[in-house]
Amino acid sequence: MREKKLVSLLLAGALTVSLAACGGQEAVTNNQGGSQAETTNPGTAESTRPTEPQGQLIIGSTTQMGNDFYDASFSNNAVNYKTYDLLHGYATVVADMEGALVYDPTVVASHDAVENEDGTKTYTVTINDGLTWSDGTPITAKDYVFQLLLESSPEMNQVDGYPSQAGYSLVGYQEFFDGTTKNFAGVHLVDDMTYSVTVRADELPFHYDIYYAIAIPRPLHVIAPGCDVVDAPEGATITGDFTAELLLETINNPTTGYRYNPKVTCGPYLFDSFDVASAQCTLTVNPSYAGDYRGVKPVIEKLVIKTVKSDTMINELKSGSVDLLFQCSGADTINAGLDLVDAGEAQDNTFFRNGYGRIAFDCSQFPTDSANVRKAIAYCLDRNEFARQYSGGYAAVVHSYYGLAQWEYQESKGWIDQNLNTYEKNLDEAKALLEADGWTLNADGTPYSGTGTRYKDVNGELKPLVIEWANTDGNPVSDLLATMLPEAMNEVGMELKSTTMDFPTLQTAMTHSGDKIYNMYNLAIGFSLVSSPWYYYSTDPAWMQGGYNSNWIVDQELADVTWSMKAIPYEDTEAWLSAWQDFMLIWNDRLPDIPLYSDEYYDFFSNKLHGWESTSVWEWSRAVLDAWVDA
């Protein structure tokens with residue numbers, strides 16, 4: 001049976017194989033055109049989907065949850081972001097099961113798009129009657145306009161540096177964000193159930209054109225009590241005592257704030273509790289939820305999301321202390337899970353990953369601001385051996401910003417083999433790069449002796465070649481890197497300093513909101529369905545925050561090649577693929593990450609769970625709506 005499972009990965013053109021842990025730490029970042037996933041799901045004909053919610057599903061995640069449930073602009077912790085998807089619903093534009101962007105008919109009564117004479121484009125959206133917040137308050141167009149105003153405002157920007165970029169592409173955004181006007185010119189409240197947005201001419205055309213029409217409701221009466229949304233010829237505005245101080249209380253109060261305790265929501269599930277000590281979150285079904293874009297409503301009454309350890313989670317599944325382990329990777333975990341499946345004690349579902357595990361560099365920090373230093377570190381790591389030890393056949397080494405599930409990768413295998421540097425381990429090449437970069441001195445300023453830490457003269461100051469590495473406890477990737485990197489780096493004249501921490505602390509370091517910034521981090525990245533590399537590698541300070549340009553890299557050629565992708569029509573796959581390959585080539589040379597592996601993922605789950613089918617684009621937080629458990 002196991003040999004059969006491997007066929008799907010081998011046929012996908014796995015270059016080498018790598019070992020990964022279940023539910024790896026992921027940052028939220030496209031799989032345009034759908035997934036190349038293969039799924040398996042044992043028959044569940046003996047169980048019928050109930051008509052009313054019942055039962056409980058305990059979901060295990062190796063990514064430790066944080067106490068943050070607003071959106072990814074505060075926390076790009078993958079499990080928190082997917083929990084956010086379960087709590088906050090009714091976006092006007094969503095991704096369907098194939099990954100295509102569509103208007104949600106459960107939410108949208110009508111929509112229109114008009115190209116204006118000045119080159120701008122206006123989208124008008126009317127919301128269906130009958131949608132309500134979980135406290136029974138009707139949802140109207142004001143709640144959608146409020147989201148656009150709130151999350152573009154200078155007041156919101158003062159709440160822990162929230163990036164306030166919801167309306168970035170709209171007419172009048174900069175003036176509104178700067179506070180020079182209280183009216184947002186590109187946003188209008190047309191009537192009680194209708195809003196419109198007007199996109200700036202310089203933001204058009206746009207690859208994901210429909211996405212400009214998106215808005216997500218926020219409860220005006222909860223976040224800005226006593227305030228109102230009104231329209232004027234100059235644009236919509238928030239009236240009343242709308243201040244940063246108000247938001248710091250209604251959103252950021254650690255006990256009652258909407259960010260930590262979102263009690264009034266409109267998604268398929270409601271927030272019940274979060275235990276900080278155990279990092280365990282409990283959600284209950286939302287009886288007011290009208291359904292997703294297909295009208296599907298959840299029938300699992302309670303979800304419990306808990307932290308599990310890679311080395312014990314399969315035992316937890318066997319014992320029944322967890323019911324679902326999603327996106328598992330690595331031979332040890334997968335083989336142990338398949339043993340349970342073979343014994344009839346569990347079920348499985350498999351698909352390729354839309355992302356990769358990585359060493360992420362902070363390119364704003366000395367000395368990893370140098371591409372030569374980043375490349376030298378890559379040449380110190382035998383990624384093929386890492387792959388062999390880490391995955392045992394369930395992952396492939398990748399060489400640029402792509403994952404196995406992407407159609408672009410599937411179409412570009414031959415091109416990748418011919419054009420991308422594979423950075424095979426080569427200590428002589430690493431030394432040559434460091435010497436070219438000026439690391440040619442000893443601590444006393446004499447020419448480098450060939451042993452010990454290299455130094456470089458930086459504006460008259462001798463600086464050592466020390467790399468600060470932040471990693472997480474109990475992470476098998478960290479453990480393996482710790483055995484493979486230090487000796488090789490030391491041999492070429494680099495010193496690796498390791499600091500172990502929990503994942504939320506690592507995130508604050510990466511976002512420059514913590515006490516210390518490091519040179520490199522090991523974690524993973526998952527590509528969103530609206531992947532926007534023109535923002536992820538932008539040199540605009542507006543995108544050097546909020547988890548967008550998470551490498552903090554300022555490279556004009558990389559920024560330019562990604563910006564050229566932005567205007568390519570969504571349906572022009574030939575032009576997109578050509579531009580994507582140009583992007584891959586430049587990224588491979590600049591190396592803001594060292595890609596480690598892209599996995600074949602497995603979900604393992606209890607026999608009490610039925611109707612489970614997730615893919616690289618229809619992840620566990622979406623799949624749970626179709627699933628059910630035995631009472």
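Student: Is the crossing in which H10 passes H14 left-handed or right-handed?

Tutor: A crossing is left-handed if the near helix is turned anticlockwise from the far one by less than a right angle, and right-handed if clockwise. H10 passes H14 in a left-handed crossing. Note that this is a predicted model, in which local features need pLDDT of at least 70 and side-chain atom pairs count only at pLDDT 80 or more, while totals for chains, interfaces and linings use all residues. Residues are numbered from 1 along each chain as its sequence is written, and side-chain values use heavy atoms, with hydrogens and water left out.

Student: At what angle do the axes of H10 and H14 cross?

Tutor: Helices (H or I, at least four residues) and strands (E, at least two) are DSSP runs numbered from the N terminus. Axes are lines fitted to C-alpha atoms, for helices over the stretch in contact, and angles between N-to-C directions run from 0 to 180 degrees. For H10 and H14 the crossing is at roughly 165 degrees, and the axes come within 8 Å. Angles under 35 degrees count as roughly parallel, over 145 as roughly antiparallel, 65 to 115 as roughly perpendicular and the rest as oblique. H10 and H14 are therefore roughly antiparallel to each other.

Student: Which residues of H10 and H14 meet?

Tutor: Contact means heavy atoms within 4.5 Å. From H10 come Asn372, Val373, Lys375, Ala376 and Tyr379; from H14 come Leu427, Glu429, Ala430, Leu433, Leu434 and Ala436. By class, this contact of H10 with H14 has eight nonpolar residues, one polar and two charged. The classes are nonpolar (Ala, Val, Leu, Ile, Met, Phe, Trp, Tyr, Cys and Pro), charged (Asp, Glu, Lys and Arg) and polar (the others, Gly among them).

Student: How do the axes of H14 and H15 cross?

Tutor: Helix H14 (residues 427-436) and helix H15 (residues 476-492) cross at roughly 50 degrees, their axes coming within 9 Å. H14 and H15 are therefore oblique to each other. Their crossing is right-handed. Leu427, Ala430, Lys431 and Leu434 of H14 meet Ala488, Glu491 and Val492 of H15. The contact of H14 with H15 counts five nonpolar, no polar and two charged residues.

Student: At what angle do H18 and H19 pack?

Tutor: Helix H18 (residues 556-563) and helix H19 (residues 573-590) pack at about 160 degrees, with their axes 9 Å apart. That makes H18 roughly antiparallel to H19. The crossing of H18 and H19 is left-handed. Glu557, Leu558, Val561 and Thr562 of H18 make the contact with Asp582, Phe583, Ile586, Trp587 and Arg590 of H19. The contact of H18 with H19 holds five nonpolar, one polar and three charged residues.

Student: Turning to the backbone, which peptide bond ends at Pro205, and is it cis or trans?

Tutor: The bond from Leu204 to Pro205 is cis, with omega near -5 degrees. Pro205 sits in the loop between strand E8 (194-199) and helix H6 (220-223). Another cis peptide bond joins Phe366 and Pro367, with omega about 5 degrees. Pro367 belongs to the loop between strand E16 (355-361) and helix H10 (371-379).

Student: What is phi of Asp160 and of Tyr423?

Tutor: Asp160 has phi near 50 degrees, a positive value in a residue other than glycine. Tyr423 likewise has a positive phi, near 50 degrees, and is not glycine. Asp160 lies in the loop between helix H4 (154-157) and helix H5 (173-178), while Tyr423 lies in the loop between helix H13 (413-419) and H14.

Student: Is Asp160 buried or exposed?

Tutor: Buried means under 20% relative accessible area, exposed over 50%, and partly exposed in between (1.4 Å probe, protein chains only). Asp160 is exposed, at 51%. Tyr423, at 4% relative accessibility, counts as buried.

Student: Where is Gly167 found?

Tutor: Gly167 is in the loop between H4 and H5. Gly167 is buried, with a relative accessible area of 0%. Neighbours within four places in sequence aside, Gly167 is in contact with Ser152, Tyr173 and Phe184. Its C-alpha atom is separated by 8.5 Å from that of Val187, 20 residues apart along the chain.

Student: What radius of gyration does the protein have?

Tutor: The radius is taken over C-alpha atoms, and the globule rule is 2.2 Å times the number of residues to the power 0.38. For 631 residues a compact globule would have a radius of gyration near 25 Å, and the protein's 25 Å agrees. Along the principal axes, the C-alpha atoms fill a box of roughly 75 × 65 × 50 Å. Buried residues make up 60% of the 631. The secondary structure comes to 20 helices and 25 strands.
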